[in-house]
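Here is a short briefing to read alongside the structure.

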Amino acid sequence: MKKILFLSLMLGSLCGYGHAQSTLTRFNNYPDEAKPRTWWHWMYGSISREGITHDLEKMKEAGLGGCYIFNVSDKMPAGPVKMLSKEWYDLTLFAIKESDRLGLKFGMHNCPGWSSSGGPWNDQASAMQKLIFSQATAAGGVVDITIPKGTKQDYYRDVCVLAFPTLKGDENGKGYRFHNWEEKSGVVQKVTGEHFTAAQPTDAGNIVKKEAIIDVSSFMDDNGRLQWKAPAGNWTIIRFGHTYINKENHPAPPEATGLEVDKFNPDAVKHHFDSYCGKIIKMARQYAGKTFTTITIDSYEMGIQNWTGAFPKEFAKRMGYDIKPYLVAMTGRVVGSPEETERFLWDFRKTINDLFVDNYYKRMRELINAEGIQLAVEPYGNINVSHFDIASVPDVPMSEFWANGTPGANLAMVSSIGRIYGKNIIDCESFTSFPKDGVWYQHPHSLKRGGDIAYIHGVSRYVFHSWPHQPRPDITPGVTMGPHGVFFASSNTWVLPGKAWFEYHSRCQSLLQAGLYSADVLYFVGEDAPLNTGTALKRISATLGKGYLFDYCNTDAFLNRTAVRDGKITLPDGLSYNLLVLPEDVAMSPAVARKIKELVEAGARVLGPRPTLAKGLNGYPTSDKTVEEIGRQVWGAASGASGEKSYGKGKVYWGVDANAILASMGKGADFSFSRISGKPDLNFIHRQTDDAQYYFVANAAQAGKVICTFRAGNKSPELWDPTSGTAIKPAIYSRNGETVSVPLEFDTYQSVFVVFRSEDRSDPVRDVVSNGVSLVDQGIAGVGFPDFQFDGEKLVVCSAVKGKLEIERASGKKNVVEMSSSAPIDISSKWQVWFDPTMGGPGQTTFPSTVSWTDNAVDGIKYYSGTARYRKEVDIPASAPGNGKRIFLEFEKIADLGKISVNGQKCGTLWTPPYRMEITKHVKSGKNVIEIEATNTWNNRMIGDERYAPDAEYYDPVGSKFAGTFGLKQWPEWFFSGKPRPASKRIAFATWRVYKPDSPLHDAGIIGKVSIVPYGQKEL
């Protein structure tokens, strides 16, 4: 087999091309909305005016676009500022004013703490409610009994009292309760749908007849005394009521902690809003909608709610029938029949879902939008509601992922639902962590893999977790967000030197917010509630293979936003799909069945089973007949395990894979890759504008060579590098019908935008022969060294090797080029290095070779954290630079980032492999001065400090998540007094200690070979 050479992304900055610059404008001159933002945690009143200014100015300097204030008290001692005091409100207003001065966007959480919507202003009547019951039995005749309340809590309100003939099973103490009755009635959290299958009662004697249920509420007084003349027989009497759920916002300062608001009560939600956010908005009226732009609701952590005072009225309005007799089913008993009970419980859960969405999330959006401010929501958590429906509400949908983990399905769900409602900015709480995963040792390259996977899932703007407020900016690393990192504050050693990392994200986000997502499949998740992402993902994963993209669709969007144009399912904002996939469920509402019929009739292709019945009791049994009739019209008999049927202009399929349907439509995989060497693992996301296709391709594993194939039609590829902001047009690729194949070499965690804009009129390279040996295999051309690129109409060859190359183009045209270059210059020895004495460094020293600081015998170097300056004078021979030559500075490794300067001119920052920087414009023949500012994390310094006694009092936290770490027990007297820190052998001071003296040190500094490499370049 002939050797395949691959276009190396390591040389992605070698060549630019003039006509790309206008399109690259957004890529490099990204708008403010493309800049990352951050959680800004104010820790338990540890706040200062000067610290606010310092934090915000450094956010601006780092390249952030804004912040969200969270006031929390997570495992921290109290500071001097009491929350909700006049001083606290004044400081909050000052933070908004300073954000305005700096051009930063300001946001805040909707209540103290991070979950969810509570505070001391909420009383028991306006708190979350739950349905409870107590019961008694009585024989027929005169009944005079007292039925106690179902709770010992002070707050309680009756709903009704119902009596029915005692069931056979209840008489012998072995009463039948249907399977999972507590989950089905919203008493216990359960967010998957597959468990909602009725267990049949043993016999008719264990079924409560609906017509036998008697409402005896009027016979009971306020003390629970029931006086009633019962018909003959034995009777079971159930007293239904509701009480508050004792859940409080957390983790908030005690003075700002109170009950969670009733999520089903729009008036209570308004009172909550007015009592906190509303006060701050009034105070900062002139900034609302301009600087003060967003209020957020974090992921839900308050448990479930299944009642409110107005629930019976709301149920009747939404479902069309009286809930009262069916409340008996809330005790686990079957009412009417198992089917009737299951249908009622479906309606009950749907009402819970809709009240949560309408009266909490939509009500909050309404109140916030009225002030000119947007609502951001993380729409998931321990909640008995469809995550998909919640995700449809916010102006800014949000998800989250944690450091050292693989971003999960919630990212795709939030991004997807946001997209189908026309929102291109999808925020994401990014790099949250526990101590073992994130505190101090994470750095840009270690964070890159997870961050890029988040982009693949549809995230288009990071919100970093976290930037803890620093009331004493002179004390570093200072205040933490309790035990939770990663900490992106300016007190982190690499945050300001690592501005290039923030720029990388701004470039990525500028493109990921532009245009439209490009997917083949729209997956309707169904109407069930609750419904979480994991359940839906299992369903779609079973039918759709890798290489295709899809979007989720909830019921509201399906009914109100989908249409068909030219055989594609379309949405109002321009998204379109080749195939609609339904859940494997034969039950659906008549409205959904009618919509499916409408879409297929208009030309849509739909995959799913034939519907045969409706959900719920609303309209039953007519609803069943309607759905079954539509199913027969569209699907026909749908006989056999699989098949297809045309209807109108469209077609339905069942029992087949979505991949096979798409292939039959001439839609092969949108993206695929084949490994040639190494173990790269590529993922992608695809967006499009009117004139371009954008594929973001990221390697989630080790380095290697691949052939990437894109369904890009007659377009030529371009490679846009978000680490440098440069672009090249590779000359080595091949077309095969609707696909374009590009051989590429990826380094570890490397990523690139592959862009297709222009109609392919190029004459790409088909074969390269060196010394009689072909370097290209079977017409699929890929080049690592030498590199072939187009610059306008010119073919540019750039190589570090000498020799004659015979080049054959796709047109048959042949070129011969003689490449020449100078030998690489090894500059790995005798560097002058300066370590900052204020960080424990020794000042000026000499490194005989470039090795990790941790290998040094001097403690001030071994345990050093921060920035050290490397300097070296290098003689470059006259033959190296000049016309037809390009010069690169190449490093084996930099831990963890390095800012490069040559002859006093800044060249850029390296923070991820490949550690390579072009210095052509900055070098000259003769003497050259090369300087590198190398920065590592706090890790090594904090380990070194653990050899000495702490200069504050710490405590050992309870819980395995934080085992082996220590939190600050109380503030040292000097911290808030303005006094300097007393002399200490420790360099760092932090509110959380995570290391031991023998914890492993991390490589630091410039490590391994350093070379100046001249490359010859020829234009053809």
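Which residues of α2 are buried? They are Gly-51, Ile-52, Thr-53, Asp-55, Leu-56, Met-59 and Ala-62. Please keep in mind that this is a predicted model.

**Helix α2 and its ends**

- Helix α2 has 14 residues, and the distance from its first C-alpha to its last is 20 Å, close to the 20 Å expected at 1.5 Å a residue.
- After α2 comes Gly-63, which has a positive phi near 105°.

- Tyr-44 is not a glycine, yet its phi is positive, at about 50°.
- You will find Tyr-44 in the loop between β2 (37–43) and α2 (49–62).
- Is Tyr-44 buried or exposed? Tyr-44 counts as buried because its relative accessibility is 18%, and the cut-off for buried is under 20%.
- Ala-638 also has a positive phi of about 50° without being a glycine, and it sits in the loop between α18 (622–635) and β25 (643–647).

**Cis peptide bonds**

- Thr-476 and Pro-477 are joined by a cis peptide bond with omega of about -5°, and Pro-477 belongs to strand β16 (residues 477–478).
- Another cis peptide bond runs from Ala-895 to Asp-896, with omega near 10°.
- Asp-896 is in the loop between β46 (885–895) and β47 (897–902).

**The second largest pocket**

- The second largest pocket has a volume of about 680 Å³.
- Its lining is made up of 32 residues, and those nearest the centre of the pocket are Ile-456, His-457, Tyr-548, Leu-549 and Phe-550.
- By class, 18 of the lining residues are nonpolar, 10 are polar and four are charged.
- Which elements each supply at least two residues of this lining? The helices are α11 (409–420), α13 (444–456) and α15 (533–541), and the strands are β19 (550–553), β27 (671–678) and β28 (682–688).

Definitions and conventions:
Residues numbered from 1 in each chain as written. Predicted model: local features only at pLDDT ≥ 70, side-chain atom pairs only at ≥ 80, totals over all residues. Heavy atoms only, no water. 1 Å grid on protein atoms, 1.4 Å probe; cavity = no way out; pocket = protein on both sides within 12 Å on 5 of 7 lines; lining within 4 Å. Points joined across faces, edges and corners; volume = space filled by probe spheres on them. Helix = DSSP H or I, 4+ residues; strand = E, 2+ residues; numbered from the N terminus. Nonpolar A, V, L, I, M, F, W, Y, C, P; charged D, E, K, R; others polar. Buried < 20%, exposed > 50% of the residue type's maximum accessible area, 1.4 Å probe, protein only. Expected span 1.5 Å × (residues − 1).
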